[in-house]
Amino acid sequence: MNRANLLCLALALSLGVATPLAATAATSASEQLLLIDKTTGSGALSVLVTTYGPASPKTGKRDGGKRVPATLLFERPDRFKLVLDPGGKNERRIAGDGDTVRWFDLATGLQGKAKASDVTDPTVLALLGTVAELGTYASYKDIALGKGSPVSGARLVPASFGAQAVSVNAWLHAGQPAGFALDMADGGRVFVAVLAFKANVALKPSDFEIY
């Protein structure tokens, strides 16, 4: 999965930080996501990410998938830090602050930086920079599930031209975010299991450093 697609995870993950208000005041998954967008200014998540490449044109099958733990910090309007395999031998850190995105691969020592507009999904930039405008940057609808199911879901389709994720299915359990499934523009797929989260946490500039 390329770096631009990894940055796209901020779209799904930044929507996955629910507050108690979101769990109690909203009923459908779509309503909960809209309320999350309205009430969340920052967040910290621990997740498990599984990525699959595009299906083979000959067999229609995908690879076996690659699984990696990850953490995400974000603070609106323009800061985020994504760490893949934190504490592991393949740890990789990617951070955005304002107009700049930086990355550092601990295994190889490779590092770099670029303009956020060149490497970050435009929907991510829009959602990080605004509050309560999810409906402007992505269409949404509830996913029909069995009556009485403890799981609810909503399907988001980013409206921004050039978005790396063509659709995102967000799943909630008992009003809390449980996971996300992303269909990527390159034909790949990403599944995110939410292990832990905290909403509206107090963050400082040093929390977003990558060295």
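Colleague: Is Gly 109 buried, partly exposed or exposed in this model?

Modeller: The model is a predicted one, and in it Gly 109 is found in the loop between strand 5 and strand 6, which covers residues 111–115. Gly 109 is 17 residues away from Arg 92 in sequence, and their C-alpha atoms are 9.7 Å apart in space. Since buried means under 20% relative accessible area and exposed means over 50%, a value of 37% makes Gly 109 count as partly exposed.

Colleague: Which strand gives the largest share of the lining of the second largest pocket?

Modeller: The second largest pocket has a volume of about 190 Å³, and the elements that give two or more residues to its lining are strand 4 (92–97) and strand 5 (100–105). Among the residues of the lining are Ala 95, Gly 96, Asp 97, Thr 100 and Arg 102. By class, the lining has 5 nonpolar, 2 polar and 4 charged residues. The largest share, 3 residues, comes from strand 4.

Colleague: How many residues apart in sequence are the parts that the pair of Tyr 52 and Phe 191 ties together?

Modeller: A pair of aromatic rings is described by the distance of the centres and the angle of the planes. For Tyr 52 and Phe 191 the centres are 5.8 Å apart and the planes stand at 85 degrees, and the pair is edge-to-face. Tyr 52 has a relative accessibility of 25% and counts as partly exposed, and Phe 191, at 34%, counts as partly exposed too. Because Tyr 52 lies in strand 1 (residues 42–52) and Phe 191 in strand 11 (residues 189–199), the pair ties together parts whose separation in sequence is 139 residues.

Colleague: Are the rings of Phe 104 and Tyr 211 stacked, edge-to-face or tilted?

Modeller: Phe 104 lies in strand 5 and Tyr 211 in the segment after strand 11, so this pair ties together parts that are 107 residues apart in sequence. Phe 104 counts as buried at 16% relative accessibility, whereas Tyr 211 counts as exposed at 57%. Planes under 30 degrees apart count as stacked and planes over 60 as edge-to-face, so with centres 5.2 Å apart and planes at 50 degrees the pair is tilted.

Colleague: Which residue has a side chain joined to that of Ser 30 by a polar contact?

Modeller: Ser 30 has its place in helix 3, which covers residues 29–39. With a relative accessible area of 8%, Ser 30 is buried. A polar contact of 2.8 Å joins its side chain to that of Asp 142.

Colleague: What is the relative accessible area of Asp 85?

Modeller: Most residues other than glycine have a negative phi, but phi of Asp 85 is near 50 degrees, a positive value. Asp 85 lies in the loop between strand 3 and strand 4. The cut-off for buried is under 20%, so Asp 85 is buried, with a relative accessible area of 16%.

How values were computed. Residues are numbered from 1 along each chain as its sequence is written. This is a predicted model: local features need pLDDT of at least 70, side-chain atom pairs count only at pLDDT 80 or more; totals for chains, interfaces and linings use all residues. Side-chain values use heavy atoms; hydrogens and water are left out. On a 1 Å grid over the protein atoms alone, a cavity is a set of points where a 1.4 Å probe fits but cannot get out, and a pocket is an open set with protein on both sides within 12 Å along at least five of seven lines; lining residues have an atom within 4 Å of a point. Grid points are joined across faces, edges and corners, and a volume is the space filled by probe spheres set on the points. Helices (H or I, at least four residues) and strands (E, at least two) are DSSP runs, numbered from the N terminus. Ala, Val, Leu, Ile, Met, Phe, Trp, Tyr, Cys and Pro count as nonpolar, Asp, Glu, Lys and Arg as charged, and the others, Gly among them, as polar. Rings of Phe, Tyr and Trp (its six-membered ring) pair if their centres lie within 6.5 Å; planes under 30 degrees apart count as stacked, over 60 as edge-to-face and the rest as tilted. Buried means under 20% relative accessible area, exposed over 50%, partly exposed in between (1.4 Å probe, protein chains only). A polar contact is a pair of N or O atoms within 3.5 Å; within protein, one must be able to donate a hydrogen and the other to accept it, and residues adjacent in sequence count only if both atoms are side-chain atoms.
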